[in-house]
Protein chains: 2
Amino acid sequence: MAILKNDTFLRALMRQPTAYTPIWIMRQAGRYLPEYKSTRAKAGSFLGLAKNPDYCTEVTLQPLDRFPLDAAILFSDILTVPDAMGLGLYFSDGEGPKFERPLRTEEDVKRLPLADMNSLQYVTDAVSQIRGALDGRVPLIGFAGSPFTLACYMIEGGGSDDFRLTKTMMFQRPDLLHTILDKNTESVITYLNAQIAAGAQAVQLFDTWGGALSHHAYQTFSLPYAKRVMAGLKREHEGRVVPRIFFTKGGASWLESMAAIGADALGLDWTIQIGDAKKRVGHQVALQGNLDPLTLFATPDVITREAEQVLNDFAYDKNATGHVFNLGHGISQFTNPEHVEALVHAVHRASARE
Amino acid sequence: MAILKNDTFLRALMRQPTAYTPIWIMRQAGRYLPEYKSTRAKAGSFLGLAKNPDYCTEVTLQPLDRFPLDAAILFSDILTVPDAMGLGLYFSDGEGPKFERPLRTEEDVKRLPLADMNSLQYVTDAVSQIRGALDGRVPLIGFAGSPFTLACYMIEGGGSDDFRLTKTMMFQRPDLLHTILDKNTESVITYLNAQIAAGAQAVQLFDTWGGALSHHAYQTFSLPYAKRVMAGLKREHEGRVVPRIFFTKGGASWLESMAAIGADALGLDWTIQIGDAKKRVGHQVALQGNLDPLTLFATPDVITREAEQVLNDFAYDKNATGHVFNLGHGISQFTNPEHVEALVHAVHRASARE
């Protein structure tokens, strides 16, 4: 493997000193980029793109060719795992992801298999190929959905406003939900370890829907399974620690308990002031975030000011360690790419240590 | 006016001792009740119902005839205010509320009038009529949307996932957003004072979308205007204090600052453990909440256990004051009314003081 030329991102996740604050952007490879849309058109469909390692490599590198980002993230989707558990992922126009066979009955849950890793070879192939194409420019992030977030999609059969079916199962048949979560946990561990073995240099666990739970339900149905994922991951590869990031959107109330599950860093949405979050978690974990993605609809000078605010909120002193700059959630497809460029430069410039 | 027979709710809001923990439910008059659907069918449309004081009175009292709730809430909609500011409220099937004339340009904003109180007489008529019909059974709650939440709808022209137009204005032309917020604030103060004069015995300000903001933006664009509303409200009527409740969905990160704006109580969504919230706000305010509305999809015995958990989380000791039980957001239209009955009885039974 090529020598890593820029390890700023990995160092920040381990709370080591860095020359500046590294930045990457959730969904940095995506629809706001015209070149992504071209590849997507060639591929014919989202799944045609996501299941083809050549296309995945192409779109993963597109944002890096435009902006001096400090990490690449595998282009994929969190629903590849339930798809490999036999649920039949498809995308219906304008309605987002759906499953042909959602989990509704006890029978559905009992016969749910673990993810078939053979059917996920397109993901590990993509990881290897992207690492080759990156040639050590920046580290590559692998990722998966959290066991709870995957369960939401698997039970609802797609997106939801209120997670009515999931919560009905949670209250009426918690044993069934725990069975799904067990199987998801094992599948996610195997999947992320396969990404690490293929070359992912850091991993992020996305708990997109954990924030829909009450305090007690989060502590019962999401966090313990995320903790088991962390405990099951390979710690080192290629002679280097593989840092883990855990992100619960809407999880600001639970930062203390999130900081104790064995992740190296927590992702934050934009509702919490990052300095307040830092006070609450102390030196247990690094923090990633947390600019409101809609800030990118401001003018470049306002974007610069808002980015500086996040940096200043984090850093009581200029030498504070353990910050990875990011948005608080995925970038909007309507974002002007020039504004992303303004953000990346602002973060690098304003955070440069003497 | 009839003597108030049950003032438990008002006493709890003022943190006075009560014989048990009072309960009401956000959207308690609504689509989960078959009798509501009958009235709605007679009225022909949602606005036909909301603009007719007879129908409003009928549906406001329906849940009280079923369940021993401790408060009634005016049946209305927060968007009556922008409608009275000339934006043209209408409901499109399956898409929720819309405005014919959303605020998009500087010209739109400059010529925006304050709410025309004459056109809102149907609301104050409904308040008077409901007070008569209640005949002192329980207190009547009036309400309004927060200046920021109203601005979101007024700018977007309806609901939104990301508030892109609102936030674009916030970042690019904050002066225009402040102008809208000023006008909304004045209109909401006049509107709530008219409800109080007509007989509302407590008021709630719904900041439904404040939680979509970053920490700094919330402190700039939502909270100061909510504070101005509180300062502008008539404090007493009919010889009694009119308590104010302030509710920001998704506001758990900001409780300390919310507690300082002059509200008597804060509404909480279900993501925060209510005992943790109480530790953070101390004795400044009462707390209202905070059961996950989807808990009502559990069986009655599980509903009882979950309600007891919220009561226990709040009460370090059985004599703790200042709790109004509620859901953390509006009740789902798919709720079984018998489950609401189980909840109301569980709260009354489990919280009864010797």
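1. Strand β2 (residues 89-92) and strand β3 (residues 96-99) of chain B run antiparallel, joined by four bridges. Within this pairing, B:Tyr90 has B:Lys98 as its bridge partner in β3(B). The hairpin has three residues between its strands, and B:Gly94 there takes a positive phi near 75 degrees. Please keep in mind throughout that this is a predicted model.

2. Seven strands make up an open sheet with parallel pairing, in the order β1-β4-β5-β8-β9-β10-β11 (chain B). At its edges are β1 (72-73) and β11 (323-327) of chain B, each of which pairs on one side only.

3. Helix α11(B) lies across β5 (202-207) and β8 (244-248) of chain B, at about 165 degrees to β5(B). Helix α13 (residues 274-281) of chain B lies across β9 (265-267) and β10 (286-291) of chain B, and runs at about 160 degrees to β10(B).

4. Turn now to chain A. Its open sheet also has seven strands, with parallel pairing and the order β1-β4-β5-β8-β9-β10-β11 (chain A). The edge strands are β1 (72-73) and β11 (323-327) of chain A, each pairing on one side only. Further in, five bridges link strand β5 (residues 202-207) and strand β8 (residues 244-248) of chain A in the parallel sense; A:Gln204 has A:Ile245 in β8(A) as its bridge partner. Helix α13 (residues 274-281) of chain A lies across β9 (265-267) and β10 (286-291) of chain A, at about 160 degrees to β10(A).

5. How far apart should the ends of helix α15 (residues 337-351) of chain A be? At 1.5 Å a residue, its 15 residues should span 21 Å, and the end C-alpha atoms are 22 Å apart, which agrees. Several of its residues are buried, among them A:Val340, A:Leu343, A:Val344 and A:Val347. The cover over the buried residues of α15(A) includes α14 (300-314) and β11 of chain A.

6. As background, nonpolar side chains tend to be buried together in soluble globular proteins.

7. The two chains meet through 28 residues of chain B in contact with 28 residues of chain A. On the chain B side, α9 (164-172), α11 (215-232) and α14 (300-314) are the elements giving two or more residues, and α9(B) gives the most, with five. That side of chain B divides into 10 nonpolar, 14 polar and four charged residues.

8. Finally, a look at B:Leu61, in helix α4 (residues 53-66) of chain B. Is B:Leu61 buried or partly exposed? B:Leu61 is partly exposed, because 18 other C-beta atoms lie within 10 Å, while a buried residue has 20 or more. Leaving aside neighbours within four places in sequence, B:Leu61 is in contact with B:Ala72 and B:Ala133. The C-alpha atoms of B:Leu61 and B:Gln28 are separated by 9.7 Å, although these residues are 33 residues apart along the chain.

Methods. Residues numbered from 1 in each chain as written. Chains lettered and ligands numbered in written order. Predicted model: local features only at pLDDT ≥ 70, side-chain atom pairs only at ≥ 80, totals over all residues. Pairing = 2+ DSSP bridges. Contact = placed C-beta atoms within 7 Å. Axes fitted to C-alpha atoms, helices over the stretch in contact; angles between N-to-C directions. Expected span 1.5 Å × (residues − 1). Buried ≥ 20, exposed ≤ 12 C-beta atoms within 10 Å, placed from the backbone. Nonpolar A, V, L, I, M, F, W, Y, C, P; charged D, E, K, R; others polar.
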